[in-house]
Amino acid sequence: EEDDVSGGVPCVLLSAGLDGQITEWDLNTLRPRSVTDSHGGSVWCLCAEPKPKPGQPQRVAVACDDGAVRFIVVMAGED
C-alpha cells in the first residue's frame, strides 16, 4: 500500500518540457496522474489558475513553441 505524504490533502504538480507533454503529478503518491500533449510542440511556460472553487476544474494556460497559448482543464481528484 502506498503512503499518503500529505495527510489527505490533494497535492498536484504540473510539469512540461521540450517534448510537448504536460504531466500532472500526484504528490500524495509521488507518481504521474496523467499526461497530456500540448498540441503545439515544446512547452515554454505554464500558468495555473490559483485556488479554484471546491469541485471546480482548474484552468492552466500553456505557452507553446508554435507561438500559441492554449488552455487545458485539470479536474481535481480525477484519475
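**A tour of the salt bridges**

Select Glu 49 and Arg 59: these two form a salt bridge, with their closest N and O atoms 2.6 Å apart. Glu 49 sits in the loop between β4 (43-48) and β5 (58-64), while Arg 59 belongs to strand β5, so the pair ties together parts that are 10 residues apart in sequence. Strands are DSSP runs (E, at least two residues), numbered from the N terminus. A salt bridge here means a side-chain nitrogen of Lys or Arg within 4 Å of a carboxyl oxygen of Asp or Glu.

This is a predicted model, in which local features need pLDDT of at least 70 and side-chain atom pairs count only at pLDDT 80 or more, whereas totals for chains, interfaces and linings use all residues. Residues are numbered from 1 along each chain as its sequence is written, and side-chain values use heavy atoms, leaving out hydrogens and water.

Now colour by accessibility. Buried means under 20% relative accessible area, exposed over 50%, and partly exposed in between (1.4 Å probe, protein chains only). Glu 49 is partly exposed at 21%, and Arg 59 is partly exposed at 49%.

Next, select Asp 66 and Arg 70, whose side chains meet in a salt bridge of 2.8 Å, N to O. Asp 66 is partly exposed at 45%; Arg 70 is partly exposed at 25%.

Asp 26 is buried, at 12%, whereas Arg 33 is partly exposed, at 22%. The structure holds 4 salt bridges.

Conventions: Helix = DSSP H or I, 4+ residues; strand = E, 2+ residues; numbered from the N terminus.
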